[in-house]
Amino acid sequence: MALRQIFKTQLTDVDTSARDVVGSLRWENDILYKYVKLANVTATVAGVAGDPVAYKATYAAGIAVHTVVLDLTDADAQPICAGFLMGTVTGTLATAYYCWIQLTGPVVVPTAIGGAPVIGSGVMLDTTDKTLTKVTGVIYPIGVSNSTTAANNTIIAKCPY
């Protein structure tokens, strides 16, 4: 499969209908992005650039590999981080949004990282909406902490796609 090189949308665009192929991968400046459907199933959670999103929970037909959520009640019990928002999502119940998420490279996350990480600590998605925490147990890290201030921490992301 060849990677697409021309897209209709900017990385920060958020739309209520798909303008590019959902699931498309996009490389720009050595950073990987994915075009996804963001679902607001149970409740509405707004998000801004840098907020982590989780893959939607599994269902009878399989895994919703290109559907992500901000509200972690719609994710698995231990949420799997899909990536980080590139644009602002206002959130409306039962409305889907189509947008780009960042999968790799440096990301500024707007909330503090829990678990008292140090630079170099692995990070994972917490069970609280839009929050990362230091890796515990056998959870796969989705990034490495690069700064440890109270907010606007930088991580180096490496999310599964």
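## Surface and charges

The protein chain has an accessible surface of about 7,700 Å², with 58% of that area belonging to carbon and sulfur atoms (Shrake-Rupley method, 1.4 Å probe). This is a predicted model, in which local features need pLDDT of at least 70 and side-chain atom pairs count only at pLDDT 80 or more, while totals for chains, interfaces and linings use all residues. Residues are numbered from 1 along each chain as its sequence is written, and side-chain values use heavy atoms, with hydrogens and water left out.

The chain carries 10 positive and 11 negative charges, and their mean positions lie 5 Å apart. Lys and Arg count as positive and Asp and Glu as negative, without His and the chain ends; each charge is placed at NZ of Lys, CZ of Arg, CG of Asp or CD of Glu.

## Overall fold

The protein chain has 12 strands and zero helices (DSSP runs: strands are E, at least two residues; helices are H or I, at least four). Its radius of gyration is 15 Å, close to the 15 Å that the globule rule gives for 161 residues, so the chain is as compact as a globular protein of that length. The radius is taken over C-alpha atoms, and the rule is 2.2 Å times the number of residues to the power 0.38.

Of the 161 residues, 47% are buried (under 20% relative accessible area).

## Residue K8

K8 sits in the segment before β1 (14-15). K8 is exposed, at 61% relative accessible area (exposed means over 50%). Leaving aside residues up to four places away in sequence, K8 touches R19 and D20 (heavy atoms within 4.5 Å).

Definitions and conventions
Buried means under 20% relative accessible area, exposed over 50%, partly exposed in between (1.4 Å probe, protein chains only).
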